[in-house]
Amino acid sequence: MFAFLITLTFLKNHMKKILSLTLIMLGAVGSLFAQERTGKVTDGTTNAGLPSVNVSVQGTSTGTVTDANGMYKISAAEGKKLVFSFIGYTSVTQAVGSSSTLNIQLFPSTTQLEEVVISTGSRNSKRTMTDTPLPVDILSAADLRTTGQTTFDKALQYTVPSFNTVNTPVNDATSLLDPYEIRGMGPSRTLVLINGKRKNTSALLYIQTSPGRGESGADISAIPQQAIKRVEILRDGASAQYGSDAIAGVMNIILKDKFDYGSAQLTAGITGKGDGEHIGIAVNNGSNFANGGFVNYTLDFSRTALANRPGKVSAEAEADNDLGFGAPLADVKKFLALKPDAGNINGQPENTAAKFLINAGFPVGDNTELYFNAAYVYKRINSFANYRTPYWRTTDNGLLTPAGQPYIGYVPNFIGDLNDYNATVGVRKESNGWKTDLSFTTGGNKQLYTVSNSRNRSLGKNSPTYFKPGGYEFSHNVGNIDVSKAVNEKFNVAFGSEFRAESFSVFAGDTASFVGSGADSFPGTSPTNAGTNTRFNFGGYVDLSYDISDAFLVNGTIRAEQYSDFGSTVVYKLSSRYKINDQITLRGSYSTGFRAPLLHQIYQQLAQASFVPGQGIQTKGIVNNVSPQAFALGVPKLTPEKSTNFTLGVGLNPNKNLSVTLDYYNIQVNDRIILGSEINGTKAGNTALDKILTSNGIVAVSFFANALNTSTSGLDFVVSQKNVALGQGKLGISLAGNYTFENKYTSVNNPKLIADAGKSVFDPIQNGLLFTSRPKYKAILGLNYLVKGITFNLANTLFGPTRFHQNGLDDDTDTEFTPAIVTDLAISIPFSKVTTLTLNANNLLNVLPTWDFINLKTGVKTRYNPDNNVPSDKYFNQYNLITFNGRYSNVTYDGSQFSQLGTIFNATLNVKF
């Protein structure tokens, strides 16, 4: 007994050492069987070494990646199987023999990334492109790089037909983030995720007359392209899976994870006119750890100079009392002889950006991973308001003109400073088939504005020339719990919950920026309109999928949400996929959805300087939805938008090199939130509306309301033909497109007081901005030719017509931008195994937007020639009204369907290390 007790005591005191020795011995035994294997992975079409190929021992956690030359080294026992996989290539599984060397060839995938596991569209076990019941676009990092575009949002413009964005001609706060949208549904109805977690919304609310008016979206232009592994775009409603905002679709940005190799990228560019110079440097680097952990980070710095595209200003219009300023024609001509464009600056403002992003993951136990990612972005834009000519502003009180020099007007300078951040930390674990993901996400966007070289006219000679007009900030904190399990080979279940707290702040400007008439060009925010507002919501979902057979899949999701400010909502989704055979797949879905009103839309209240045809720049007001003024006007509080989505699609794979997909979509939105058109008094002045406006001191006012029911439908198609033998190389051909059948409002919901006065919050101007300002159709024809290691990419993007009804047009007149094809050429030349030079000529043929007046009664289109400058011309007045007398002649004041900058040349040098 005594010996037994001694033994127990010894074991107790030395158990850790015994276990350590045991593990060492087991490792030594294992090493007798596992041998180091080496080899090279090459491209089967070019024989060039493939870097970053994932190499793993099947059924284990052992893995590595190939180096810059395609070489790898891994430990594996004889009889084990090695799996070689790389995005864009067909995976290979090879048994290990007695030889210590194993060379592998990978061939480009012929199924358009079909074997990539999709993270977006279902809360259940991930599926590949061939298995998903939903339309998903997958864009690799190479797809984005090929476009030659310097920001992520513009790269998407030339790779995804249903995605649209363009530089706005008015360069103030809007320049910090150009409006973007999928399927013409506005920026607020596309949910943006980073590694599957919600990205914060921008603090900016678009209030100018541009596409996206009255809405906001996540700042995707701030994401460094070097950090992106791939992008998944779900072209379907997904509120049941992800909550608010996912009416038009979901964009999931997947970050680079396992570290493959370091790289430095230097980019330089310039427009065909010799301005808009761009310089950028980006570094992507990281490390892998022995336990399977990784860290991957990206630094990106860039600067883009001003690119100016003003028009020629009409002296006759400037001198006119209705169109311009009623100044003597001789004085106007004298100034325009000095500055034919009236000193106006518009196009692309100067901007500087610094971006940092990190992504990491570490095993912390058996089947458990701690992960995190974080990003920080700083952007500054330096732009200009409309030039204040000496016959518009007849004096600057000696504040802006150097002593001894004649007064020739002044141009206010606008500076916007943006700080955007997001971060996620979480734990993923798998136990007994149950996968759990617990995470916390935080994010925010803050914008502060500066106006210089301006003045407050109300203060006269006592005015400063430098103002801080205030700014905005939005932030959120999100907690997620997601659980899933493959119950068996056919049945999968998932459930989870989300808690989100949001905050929106409006910062007051300095006193001189808002008192009286405020800072000329951009009046500041008064303390009355400043403040912070918050809300929170809690939601949960259940997701079930069942493979009735190998060919037939059904999936269902239901979600409930409770918001602190407007109550609860319940939505659901049903989707299915049926494989007729290996060549034909049918898929479809039906879902209900919702979009909660933005805090910006509920609480923002301001005075804004905007161009008013015939009146120049005027300051008008927006009253928030919970203000006494809105209550007096009978404006109800905002409620969630409600939607129904229906999609039906077919996928065809006639052979291994050809694939075709067609997807029809139909989206109905009820109670759509808009920033209404301006409401002022009636001519008679005797209605209840007139009395309310007068008693509240309101001249003209806009507000947000659930004003519309809308209908959107169309067709997305993708055709891809790969591996076409051509000479000594291989040619790939792709054609992708989007055609909109309808995008329109079906009814208008006006507050009773406004309707009784014969007024409406919705007018033809709004109709153009919301429904017809994006292309009726858009198609991208891409040719990719690889020969002797050199890659040639030729892309032709067809932009269909867009239509506007700018403020100042007759009731029976619209403007229509004509269809155009923009051609982009890219040549990628590998000078060595680690150095590649890519040359891009975007808009190679220098195609510029062109527009016509269109008579809505007869359909007749007229191209106005401003050089004729004949006041008696039928369209003289309307042309000058909508272009500010020619200042915005290229794209009018409201914008166009693609950029007005013309040809842009870029060169990118990429060095791996």
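**Strand S14 and its sheet**

I began with strand S14 and found both of its faces covered, with Gly 249, Met 251, Ile 253 and Leu 255 buried on one side and Val 250, Asn 252 and Ile 254 buried on the other. I take buried as under 20% relative accessible area, exposed as over 50% and partly exposed as in between, with a 1.4 Å probe and protein chains only. The count for S14 is seven buried residues of seven. I note that this is a predicted model, in which local features need pLDDT of at least 70 and side-chain atom pairs count only at pLDDT 80 or more, whereas totals for chains, interfaces and linings use all residues. Residues are numbered from 1 along each chain as its sequence is written, and side-chain values use heavy atoms, with hydrogens and water left out.

I then looked up the sheet to which S14 belongs, and found an open sheet of five strands in the order S8-S13-S14-S11-S12, with mixed pairing. Strand S8 (136-140) and strand S12 (197-198) stand at the edges with a single partner strand each, so one side of each has no neighbour in the sheet. For the record, helices (H or I, at least four residues) and strands (E, at least two) are DSSP runs numbered from the N terminus, and two strands pair if DSSP finds at least two bridges between them.

Which strands pair with S14, and in what sense? Strand S11 (residues 190-194) pairs with S14 (residues 249-255) in the parallel sense over five bridges, whereas S13 pairs with S14 in the antiparallel sense over six bridges. Going residue by residue, I found Thr 190 with Gly 249 as its bridge partner in S14, Leu 193 opposite Asn 252, and Val 231 with Ile 253 as its bridge partner.

**Salt bridges**

I looked up the salt bridges, counting a side-chain nitrogen of Lys or Arg within 4 Å of a carboxyl oxygen of Asp or Glu, and the structure holds 36 of them. One of these joins the side chains of Asp 153 and Lys 154 at 2.9 Å, N to O, and both residues are buried.

Arg 235 and Asp 716 meet in another salt bridge, at 3.0 Å, N to O. Arg 235 lies in the loop between strand S13 (228-234) and helix H4 (239-242), and Asp 716 lies in strand S36 (residues 704-726), so this pair ties together parts that are 481 residues apart in sequence. I noted that Arg 235 and Asp 716 are both buried.

The side chains of Arg 535 and Glu 502 also meet in a salt bridge, at 2.8 Å, N to O. This pair links distant parts of the chain, with Arg 535 in strand S26 (residues 531-547) and Glu 502 in strand S25 (residues 491-507), 33 residues apart. Salt bridges that share partners join Glu 498, Arg 500, Glu 502, Arg 535 and Asp 565 into one network, within which I found Arg 535 and Glu 502 to be buried.

**Helix H6**

In helix H6 (residues 329-338) I found Val 332, Phe 335 and Leu 336 buried. These residues cover an arc of only 100° around the axis, which puts them on the same side of H6; the arc is that of the directions from the helix axis to the C-beta atoms. On the other side of H6, Ala 330, Lys 334, Ala 337 and Leu 338 are exposed. The cover over the buried residues of H6 includes helix H5 (315-319), where contact means heavy atoms within 4.5 Å.

**Single residues**

I checked two residues other than glycine with positive phi. Arg 183 has phi near 60° and sits in the loop between strand S10 (180-182) and S11, buried at a relative accessible area of 4%. Asn 723 has phi near 55° and is found in strand S36, partly exposed at a relative accessible area of 27%.

Last, I looked up Asn 462, whose place is in the loop between strand S23 (434-452) and strand S24 (466-486). Asn 462 is exposed, with a relative accessible area of 70%. Between Asn 462 and Thr 682 I noted 220 residues in sequence and 38 Å in space, C-alpha to C-alpha.
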